[in-house]
Amino acid sequence: MDITALTSRRFLVPGLITLTVLATLPLYGSLYTVILITTILMYIILAVSWVIFSGPTGYMSLASAAFFGVGIYTAAVLMPNTGQLLPLPVVVAIAGLISGLLAVLVGALTLRLRGIYFAIFTFGLVEIIKQVLLYWEFEVTHTRGRFVVLVDNDTVFYIMLGIFVALMLTVYFIRRSKFGLALQSIGENEEAAAHTGINVTMVKVITFGISAIFMGAAGAIMATRWTYIDPYIAFNPLFSFMPVLMAIFGGMGQLYGPVIGAAIFAYLQETLQTTFPYYYMLIFGIVLVVAILYLPNGIVGLIQKLIQRWRKGGSAEQNANT
Amino acid sequence: MQILEGEGVTKYFGGLAAVSKVDFHVDQGEIAGLIGPNGAGKTTLFNLISAALVPKPGTIRFKGEKITGLKPHKICRLGLARTFQEVKIFSNMTVLENVLLGSLFGCSTGMSSADASREAEELLEFVGLSAVRTTPAKDLTLVNQKRIEVARALATKPELLMLDELMAGLNPAEVAQAMELVTRIRDKGITIFMIEHVMKAIMSVCDRIMVLHHGEKIAEGTPQEIAISKKVVEVYLGE
């Protein structure tokens, strides 16, 4: 308990400073910066939401793109460019809830699957929804894609920031609660957890639902940035793989691991794409392979190791002097 | 009074009857033993009682109430806790957290986290693990990991505790300590049902013993009766 209190205080000040810098960004930042940070925040939200469930339980979910896409489509239906039906924050909330409900439903049916089977099923979910929507648009509505109301960049940015803050608070409270402890025990040994009185199915389903809420909300707000969406854009499988890679790249041991991982990853992607349009995928791939081979605990693990070495080196020097 | 009773409990794995039409009971307050050669179906029977597996057919009653078909966490909250043959601890959590989970989730009546940690600390004292309470569970020796399991099971406030080979892999001194622990648990008023291969241990602590062989119950009685039973001797030593 003392340790958590200590770490929370240690992160409170840097956290608040970062938040202030971000909250005032549209006042001094260029339009490009605001849009870039919005994209980075979106990836952070996807990665951290993924870690909420898959981190402690060890269930590898590839359904992120499905929940993200459902959020995108919800926004497209509720805010077509022909006329907005509901205010933006309400739409974002509804999108989150629909994604969350979908996750609860899917989770209740499939969370008995373990390992690779769960991963394959969740990935299949993305394809199923995409194909159903394609069929629907082709056969029933006879349209292709949808246009979404254009929202100004600052509003998109602030709503994304709001989702990010809500997400980080949720993660923080889950980690500190007895619910979080139960979640972790499921990853350690699910059978023992069940025989210790933990309703493992319920804990897993609820957590899966919570993680999907944030993915759906992020999808809804991104839809207004993209303005045109179709099933291929909304249910792009990259949004299932990216969060996993970002979380592994950043390191999942700490709360801020996936945040840092996603931020660096998203920034790298953006800059490489603009500076080396032809070689960007190649460079990106090499960076990824090197990270997975040599950074088993991610960027955060590397930093912790360096700090430890530096401290040890420091004290050795002191000993030598005395 | 019978705290646990089973009627015609059966479990097939494919065509093989791992447990076949077993009637059994455990009396309130006793230490009941379950023995039998390897593959006799002892652990399967434990799994059926704790709902890791579901009997088909057969019914199991706990405190007079039918528990077949309930989920494992429900059975735990009713007051029936167990340990495992191969230790199943939460390896990367501390010893205290392992036990705390039992206090927090194991009983139907809610408990404040302050009470839960106090209780977990007391149980660590009871099994003799107070000194290592902040150590990750995976860093402990086998005997201490088994103690974590016992403390975690006790934290769920059971009326009946099922111990699956608590003494397997322990040296003679550790077996003696484990036997002493078992009697101390019974003295708390908790009924015990245990599977054991260490004969010395089971003969000296149990009030009553059941013998399984090829999934069927072949004998039942006091340790003295079991020791001289012709059938049991045949099964263990051959005809």
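Predicted model: local features only at pLDDT ≥ 70, side-chain atom pairs only at ≥ 80, totals over all residues.
**Chain B against chain A**

Chain B contributes 23 residues to its contact with chain A, and chain A contributes 16 residues. The area buried between the two chains is about 1,800 Å², with 65% of it from carbon and sulfur atoms. Three residues, B:His73, B:Phe90 and B:Phe105, account for 30% of the area that chain B buries against chain A, more than any other three residues.

One salt bridge is found across the interface of chain B and chain A. This salt bridge joins the side chains of B:Lys88 and A:Glu191, at 2.5 Å from N to O. Six residue pairs are in polar contact between chain B and chain A, both residues being at pLDDT 80 or more. On the side of chain B that touches chain A, helix H2 (72–78) and helix H3 (95–105) of chain B each supply at least two residues. The largest share of that side, six residues, belongs to H3(B). By class, the side of chain B that touches chain A holds eleven nonpolar, seven polar and five charged residues.

**Domain 1 against domain 2 in chain B**

The domain assignment divides chain B into domain 1 (1–79 + 158–239) and domain 2 (88–157). Their C-alpha centres are 24 Å apart. Within chain B, 20 residues of domain 1 and 16 residues of domain 2 form the contact. B:Arg77, B:Pro158 and B:Leu181 supply 35% of the area that domain 1 of chain B buries against domain 2 of chain B, more than any other three residues.

The values for the two interfaces are set out below.

| Interface | Buried area | Carbon and sulfur share |
|---|---|---|
| Chain B and chain A | about 1,800 Å² | 65% |
| Domain 1 of chain B and domain 2 of chain B | about 1,400 Å² | 66% |

H2, strand S7 (160–164) and helix H6 (172–187) of chain B each give at least two residues to the side of domain 1 that touches domain 2. H6(B) gives the most to that side, with five residues. The class count for the side of domain 1 of chain B that touches domain 2 of chain B is eleven nonpolar, three polar and six charged residues.

**A sheet in chain B**

Four strands of chain B form an open sheet in the order S2-S1-S4-S5, with antiparallel pairing. Strand S2 (16–27) and strand S5 (65–66) of chain B are the edge strands, each pairing on one side only. Strand S4 (residues 59–62) of chain B pairs with S5(B) in the antiparallel sense over two bridges. B:Lys66, in S5(B), is the bridge partner of B:Arg61.

Note on methods:
Residues numbered from 1 in each chain as written. Chains lettered and ligands numbered in written order. Heavy atoms only, no water. Contact = heavy atoms within 4.5 Å. Buried area = accessible area lost by both parts, 1.4 Å probe. Salt bridge = Lys/Arg side-chain N within 4 Å of Asp/Glu carboxyl O. Polar contact = N/O pair within 3.5 Å; in protein donor to acceptor, adjacent residues only side chain to side chain. Nonpolar A, V, L, I, M, F, W, Y, C, P; charged D, E, K, R; others polar. Pairing = 2+ DSSP bridges. Domains from an automatic or database assignment.
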